[in-house]
Amino acid sequence: MATITLTKLTKRYGNIGIVHGIDLDIADREFIALVGPSGCGKSTTLRMIAGLEEISAGSIDIGGRVVNDLPPRSRNISMVFQSYALYPHMTVRENLGFSLKIAGAAKEDMERRVAEASTILGLDALLDRRPSQLSGGQRQRVAMGRAIVRDPDVFLFDEPLSNLDAKLRTQMRTEIKKLHAKVQSTVIYVTHDQVEAMTLADRIVIMRDGHIEQVGTPDEVFRRPATRFVAGFIGSPPMNLHEATVDDGKLVFASGEKLPLPGQFKANVATGDRVVFGLRPDDIYPTGHGISSGAAAEVHQIELPITVTEPLGNETLVFVEFNRQDWVSRMLNPRPLRPGERVAMSLDMSQAHLFATETGKTLRS
Ligand SMILES: Nc1ncnc2c1ncn2[C@@H]1O[C@H](COP(=O)(O)OP(=O)(O)O)[C@@H](O)[C@H]1O
Ligand SMILES: [Mg+2]
């Protein structure tokens with residue numbers, strides 16, 4: 001059993017706070033992604049869990065045991081880094097077995113565990129090669145194999161795919177997902193890539209400046225972002241976000257353009273409130289070219305000028321001007337559009353988001 005509980009976990013370097021007392025409960029065998037911009041404290045948090053970094057305050061509980069003062073080797077954790085750190089003079093087989101060897105494992109036991117890890121990761125044909133004779137993806141797989149042979153309760157990954165090209169990254173992502181299904185350990189996976197986090201994790205923890213902004217399933221953080229920051233961070237292309245002022249049931253934008261106040265927020269705002277209006281590219285589309293959500297009463301029609309289009313084959317990203325800025329919309333079954341052309345756009349207001357300008361918090365009940 002490897003549940004993990006972080007309680008008021010804090011890291012300071014001198015007077016500078018890096019991680020500001022985060023609380024998090026992770027279930028046994030759960031796959032958790034820690035995601036957020038560079039410098040927000042993801043690696044520091046992971047290294048504290050691994051025992052590689054001293055904690056300044058709070059506590060870390062793994063499998064019902066407080067590990068604050070335990071050295072890394074006593075936490076039954078394996079960590080995989082962005083730099084694979086393989087031993088260049090050893091074969092793949094020797095790299096895989098090394099940690100067991102220094103732990104004094106019996107020869108048969110070691111051979112069996114290396115063979116198991118090798119099979120799981122498809123390394124059988126490569127066991128006698130040295131790292132220099134492997135591709136980037138194969139090296140990363142050996143690094144994962146080295147973590148697996150130790151049969152840990154918890155896997156910690158710190159941006160393990162960042163050194164790989166885009167195609168390989170997608171392949172390895174799938175392999176990591178399969179791997180988790182096979183080994184059934186608890187996983188904490190750090191990445192700055194929200195797509196990686198969305199595709200891999202059971203739950204996503206979005207961090208910002210040493211705080212947790214939101215914890216939720218991929219679906220929850222996408223559909224119900226708790227803050228403007230999460231709304232802008234999760235989703236690609238990103239959500240369109242514009243400041244507006246509430247005036248008598250309408251949203252008034254800086255350009256003077258207006259939109260109806262979405263019904264689901266009417267009870268939570270009043271005239272004069274300053275808000276941020278958000279709409280995903282899927283929820284604004286040239287009329288007749290979107291995913292029909294059914295609730296026709298909530299679809300607002302407006303004519304807007306095209307600024308630029310980006311054809312992607314099965315769909316086209318259409319940029320339209322609103323509030324003197326570009327709004328990105330997603331057009332399905334595309335037809336050709338010219339820049340400057342004015343087109344009828346549908347805005348599905350039932351899917352709109354509203355955040356308080358001052359706090360950044362959602363105004364959803
Ligand atoms: N040894 C250190 N001394 C002082 N500041 C540090 C040290 N290590 C990391 N930091 C700072 O802590 C912050 C968080 O770093 P890190 O956890 O590596 O972020 P992330 O992994 O999210 O990119 C950064 O601002 C970084 O500069
Ligand atoms: Mg990092």
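Here are some notes on the predicted model above, point by point.

1. **The chain overall.** Bear in mind that this is a predicted model. The chain has eight helices and 20 strands. Of its 365 residues, 46% count as buried. Along the principal axes, the C-alpha atoms fill a box of roughly 75 × 45 × 35 Å. If you take the contacts between residues at least 6 apart in sequence, 68% of them join residues at least 24 apart.

2. **The five-stranded sheet.** One open sheet has five strands, in the order S13-S12-S11-S14-S20, and the pairing is antiparallel. The edges are strand S13 (258-260) and strand S20 (353-356). Each of these has a single partner strand, so one side of each is left without a neighbour in the sheet. From one strand to the next, the twist averages 40°.

3. **Around S14.** Strand S14 covers residues 274-279 and is joined to S11 by six bridges, with the two running antiparallel. S14 also pairs with S20, again in the antiparallel sense, over four bridges. In S14, Phe277 stands opposite His242, and in S20 the bridge partner of Phe277 is Leu354.

4. **The faces of S20.** In a regular strand, side chains alternate between the two faces of the sheet. So which residues of S20 point which way? His353 and Phe355 point one way, while Leu354 and Ala356 point the other way. All four are buried, even though S20 stands at an edge of the sheet.

5. **Aromatic pairs, starting with Phe157 and Tyr189.** A pair of aromatic rings is described by the distance of the centres and the angle of the planes. The count here comes to nine aromatic pairs. In one of them, the rings of Phe157 and Tyr189 have their centres 5.5 Å apart and their planes at 40°, so the pair is tilted. Phe157 lies in strand S7 and Tyr189 in strand S8, so the pair ties together parts that are 32 residues apart in sequence. Both Phe157 and Tyr189 are buried. These two also belong to one aromatic cluster with Phe31 and Phe155.

6. Phe229 and Phe233 form a stacked aromatic pair, at 5.7 Å centre to centre and with 15° between the planes. Both lie in helix H8, four residues apart, which is about one turn of the helix. Phe233 is buried, with a relative accessible area of 18%; the cut-off for buried is under 20%.

7. **A charge over a ring.** Have a look at Arg280 and Phe222 too. Arg280 lies over the face of Phe222, at 3.9 Å from the ring centre.

8. **Thr191.** This residue is in strand S8, which covers residues 186-191. Is Thr191 buried or exposed? Thr191 is buried, with a relative accessible area of 1%. The side chain of Thr191 reaches the backbone nitrogen of Asp193 at 2.8 Å. Leaving aside residues up to four places away in sequence, Thr191 touches Leu34, Val35, Gly36, Lys42, Glu159, Glu196 and Ala197.

9. **Two positive phi values.** Glu159, one of the residues that Thr191 touches, has a positive phi of about 45° although it is not a glycine. Glu159 sits in the loop between S7 and helix H5 (166-183) and is buried, with a relative accessible area of 12%. Asp151 also has a positive phi, near 50°, and is likewise a residue other than glycine. The place of Asp151 is the loop between helix H4 (136-148) and strand S7 (154-158). Asp151 is exposed, with a relative accessible area of 54%, whereas Glu159 is buried.

10. **A cis peptide bond.** Where does the chain have a cis peptide bond? One joins Ser236 and Pro237, with omega about -5°. Pro237 is in the loop between helix H8 (228-233) and strand S11 (240-247).

Key. Residues are numbered from 1 along each chain as its sequence is written. Chains are lettered from A and ligands numbered from 1 in the order in which they are written. This is a predicted model: local features need pLDDT of at least 70, side-chain atom pairs count only at pLDDT 80 or more; totals for chains, interfaces and linings use all residues. Side-chain values use heavy atoms; hydrogens and water are left out. Buried means under 20% relative accessible area, exposed over 50%, partly exposed in between (1.4 Å probe, protein chains only). A polar contact is a pair of N or O atoms within 3.5 Å; within protein, one must be able to donate a hydrogen and the other to accept it, and residues adjacent in sequence count only if both atoms are side-chain atoms. Contact means heavy atoms within 4.5 Å. Rings of Phe, Tyr and Trp (its six-membered ring) pair if their centres lie within 6.5 Å; planes under 30 degrees apart count as stacked, over 60 as edge-to-face and the rest as tilted. A charge sits over a ring if NZ of Lys or CZ of Arg is within 6 Å of the ring centre and within 35 degrees of the ring normal. Two strands pair if DSSP finds at least two bridges between them. Axes are lines fitted to C-alpha atoms, for helices over the stretch in contact, and angles run from 0 to 180 degrees between N-to-C directions.
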